[in-house]
Amino acid sequence: MIQGCRRGEKEWQRALYEKYSPGYYTLCLRYTSDEEAAKDMLMDGFVAIFRSINQYSGSGSLEAWMRQIFTHLAIRRHYKSLREKRVMRETALSEELPTDNIVEESMIRRDLLYVALHQLTDEQRLIVNLVAVEEYTFAEVAEMMHLNLSTLKSRYYVACERLKKILEEIDR
């Protein structure tokens, strides 16, 4: 399949997409604010995969290599979104940003967590996903996001506290 994708053969690209897209769609939903944005991110991610498939050495897991592409795409989208929001604020549209490991106890709890995560700001959701779900270290996330380590830890703490409050409100 990988060799077929390297040759640009559509049937192999389709096979790769069909095999991995459901899992990566779920990943995209964790990083985005809605289903349409997740679908766009999924498409962009697979386009990036097909464009850079020749860079995959084959020595590690294909899924890990693909996940890294999607993670970096989520980070780039986050910063693009921040830039767009900054421009909107600067042009007097002034929109506000939308308002330790969390264990999934049941399907209901996971749904509540999904709802709660999407009440965080985009940056908070990104940080929580990278640290708590993807299990990157604080140092790795700080480097990826071009943040000071202490700044990242502070933002993670604030996001977790906000998430706890949201979950408490939902449980009432």
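**Figure 1. The chain runs α-α-α-α-α-α-α-α from its N terminus.** This is a predicted model. The secondary structure comes to 8 helices and 0 strands. The chain holds 172 residues, and buried residues make up 36% of them. Its accessible surface comes to about 10,600 Å². Carbon and sulfur atoms account for 52% of that surface.

**Figure 2. Helix α3 covers residues 35–52.** The helix has 18 residues. At 1.5 Å a residue, they should span 26 Å. The end C-alpha atoms of α3 are 25 Å apart, which agrees with that expectation.

**Figure 3. The buried residues of α3 line one face of the helix.** The buried residues in α3 are A38, M41, L42, G45, F46, I49 and S52. Seen down the axis of α3, they fall within an arc of 140 degrees, so they line one face. On the other side of α3, two residues are exposed: E36 and R51.

**Figure 4. D34 meets E36 at the start of α3.** Here a side chain reaches a backbone atom. A side-chain oxygen of D34 comes to within 3.1 Å of the backbone nitrogen of E36. E36 is also one of the residues exposed on the other side of α3.

**Figure 5. Helix α6 is largely enclosed by the rest of the structure.** Helix α6 takes in residues 122–133. Of its 12 residues, 11 are buried, so the rest of the structure largely encloses α6.

**Figure 6. The length of α6 agrees with its residue count.** At 1.5 Å a residue, the 12 residues of α6 should span 16 Å. The end C-alpha atoms of α6 lie 15 Å apart, which agrees. E135 follows α6. The phi of E135 is positive, near 65 degrees.

Figure 7. N129 is found in α6. Is N129 buried or exposed? Buried means under 20% relative accessible area. N129 has 0% relative accessibility, so N129 counts as buried. Which residues does N129 touch, not counting residues up to four places away in sequence? N129 touches R30, Y31 and E134.

Terms used:
Residues are numbered from 1 along each chain as its sequence is written. This is a predicted model: local features need pLDDT of at least 70, side-chain atom pairs count only at pLDDT 80 or more; totals for chains, interfaces and linings use all residues. Side-chain values use heavy atoms; hydrogens and water are left out. Helices (H or I, at least four residues) and strands (E, at least two) are DSSP runs, numbered from the N terminus. Buried means under 20% relative accessible area, exposed over 50%, partly exposed in between (1.4 Å probe, protein chains only). Accessible areas come from the Shrake-Rupley method with a 1.4 Å probe; for residues, only the protein chains shown count as cover. The expected span of a helix is 1.5 Å times one less than its number of residues. Contact means heavy atoms within 4.5 Å. The arc is that of the directions from the helix axis to the C-beta atoms. A polar contact is a pair of N or O atoms within 3.5 Å; within protein, one must be able to donate a hydrogen and the other to accept it, and residues adjacent in sequence count only if both atoms are side-chain atoms.
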